[in-house]
Structures are given as C-alpha cells and as structure tokens.
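Here's a quick briefing to read alongside the model. Have the sequence and the 3D view open, and follow the topics in order.

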Amino acid sequence: MPVVVPSSLLPAASAAPAFRGRIGRSADSGHYAVPHRYRLHLAPADPDCLSIAVTHGLLGLDATLPLRLLPELPDAPDGSYTALRPLYEASAHLYTGPAAAPVLADAWTGRIVSTHVPDILRDLALRFRGDGPELLPEEHRQEIDDLAALCADGVHRAAQRAGALGLDPEAGARREAGEALGTLFGALASLDARLTGRPYLLGPAPTLADVHVWGALIQLDTVHRWHLDAAALHRVAGHRALWAYAQRLAGHPAFARHLDVDAVLRRHRAHCKGREAAGAAIRIVDWDAAGAAGR
C-alpha cells in the first residue's frame, strides 16, 4: 500500500540548482561521456554527496571519472568551499552564490556541468556505466523515482518535521509532530515489507533505489535520531528487515568506502541549533563496525 504524505510535510518550492547541464549520448550533445574528461567534487559527509559517491563506487569509475573529496565543513563564511569558487566563477559571469558541493565539472573547459543531484545520479548510471552494473533499469525507473520520493518526503522530511515540532509544548505543534511521525513509521513499514526475505529492493543486485534508501537510513540513524524521543526511536528500530539490510549494505565496499559517521555528525552539529531529545543515546546500527568490515 502506498504511503500518503500529508501536504504539510511536502517541501516548499526551492530555488533551482545553480547549474543543470546533462551528459548526452554523443559528441553532438556537447557534454558526452569521455574517460578522464570530468571530475566529481564531493563532501561525503553530506547525504547527497554520499549517494553520488556510492553510485560512483558501484559503477567502478575511479579510473575514468576521478573524485575530489572535500572536508565535511565548508571553509568560507558563506558556506562555500574555497576550492570550488573558481569553477563557479568560470561557469557564470559575476556569480555571487555559494560554491557548494556536489559538482560535476568538465576538466576540458574548467566549467561546471551540473550541481543537480538527481541528474548527476542518472547520468552516472546511464552515460558512464560502461561494463558496470545496471543501476537504473528501464523497467524499474518509475519505481526508483517513487522510492526516492518516499525517502525524501516520507523519511527525511517527516523525521525532520517530527523532531522540530516534537519538543514544542503547544498542542497544535504536538499534533503536527504526531502526523509527521505517522508518515515516517508508514514509510519505514513499507520499506521493511519490501525487504523481508530480499537482499535488495528491486532484485538480486543493488540499484539506485538502494542508494536512495540507504542514504535516508544513514541520515535517520545518525542525524534525525538526535531530535526524536526514545519512544519514537524504539518504533523506528523495530523494522528489523530494514535495519538488517542497512547494516548489510554498510559492509559492501562501494557503500562503506566513503562512510564517515563522525564527519556526518560534525557537519550536523555545525548547522543544528535544536535541542537533543531523550532518544539521542539510542543507536540502531553500529555503522563504524559495519563500514570497517566493507573497507
């Protein structure tokens, strides 16, 4: 049964990504997949960057599409990475916005192709795949998009909203927090049911669906747990098939390679101004041990 996300939990309209070029099929498209032409600039402590890094690892692209890894915290007061500023300024005249990761850059021109995470993930899977695994099979593309939306709205934003409202004593806020928790529990139950007796979400091998879901679970157990109370976290932890799957993936080399839980927490604490809830001490998965087993 599909999980219905209340309208109050849907994201407000946000600014479009600064750059949104695509990798085409051939030289006629301008940008096309050529070994060593492009660079990925990622800060893996950021969940979007981590998803891209995992996809890059699953496809085995080290030799053809180099990674430049950035620290968890930007080094400029406006939230920019100084190392990325030249790329942004070369790509847009008089650019004044933040120079943020992720960035897919064209080394031939010294300019940015894209900063839009869904497009970067699709282009990695479709244009840079080579002999790598099929991460975006045609017959499952809509299902993968639906699971990505479930992770974004039913897990990430629902947990975020529940944590933000849960400590507010006002009755209306508490009701909204309960609604958000209901959405979160529904999403987790749906995912747990899918994974019972299955190694991956869509078949015998990982796809982008697994990248999306695993990233959402990392965020839930390392970041959102600090703002949920103990009762909520015990219910979250009760989805045994889902968390066993998450721990198993953390032992896979492509998932484990760039997972640094301490860096994720440092990034979170640098931006978070909320209060810690009673559930903060509860940890569902020992990510450090699982990740070490996969490295």
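Q219 sits in helix α6, in what is a predicted model. With a relative accessible area of 12%, Q219 counts as buried, because the cut-off for that is under 20%.

**Q219 and its surroundings**
- Setting aside neighbours within four places in sequence, Q219 touches P47, H156, H224 and V264.

**The nonpolar core**
- The largest nonpolar core counts 85 residues, and helix α6 (residues 208-222) gives the largest share of it, with nine residues.
- Which residues have the most contacts inside this core? They are L84, L124, L184, W214, L220, W243 and W287.
- As background, nonpolar side chains in soluble globular proteins tend to be buried together.

**α6 against α8**
- Helices α6 and α8 pack with their axes 10 Å apart, at an angle of about 105°.
- That angle falls in the 65 to 115 degree range, so α6 and α8 are roughly perpendicular to each other.
- On the α6 side, the contact uses D210, V213, W214, L217, L220 and D221; on the α8 side, it uses L242, W243, Y245, A246, L249 and A250.
- By class, the contact of α6 with α8 splits into 10 nonpolar residues, two charged and no polar ones.

**α8 against α11**
- Helix α8 (residues 240-250) also packs on helix α11 (residues 287-294), with axes 7 Å apart and an angle of about 45°.
- Sorted by class, the contact of α8 with α11 has five nonpolar residues, two polar and no charged ones.

**W287 up close**
- What does W287 contact once its neighbours within four places in sequence are left aside? The list is W214, L217, I218, D221, T222, W243, A246, A250, L259 and V261.

- Strands β3 and β4 (residues 111-114) run antiparallel and are joined by three bridges.

- The A101 to P102 peptide bond is cis, with omega near 10°; P102 lies in the loop between α2 (85-91) and β3 (103-106).
- L94 is found in the loop between α2 and β3 too, and has a positive phi, near 60°, in a residue other than glycine.
- Is L94 buried or exposed? At 67% relative accessibility, L94 counts as exposed, since the cut-off is over 50%.
- H36, not a glycine either, has a positive phi of about 75° and is found in the segment before β1 (38-42).
- H36 is partly exposed, with a relative accessible area of 47%.

Definitions and conventions:
Residues numbered from 1 in each chain as written. Predicted model: local features only at pLDDT ≥ 70, side-chain atom pairs only at ≥ 80, totals over all residues. Heavy atoms only, no water. Axes fitted to C-alpha atoms, helices over the stretch in contact; angles between N-to-C directions. Helix = DSSP H or I, 4+ residues; strand = E, 2+ residues; numbered from the N terminus. Nonpolar A, V, L, I, M, F, W, Y, C, P; charged D, E, K, R; others polar. Core = buried A, V, L, I, M, F, W, Y, C linked by side-chain atoms within 4.5 Å. Buried < 20%, exposed > 50% of the residue type's maximum accessible area, 1.4 Å probe, protein only. Contact = heavy atoms within 4.5 Å. Pairing = 2+ DSSP bridges. Parallel < 35°, antiparallel > 145°, perpendicular 65-115°, else oblique.
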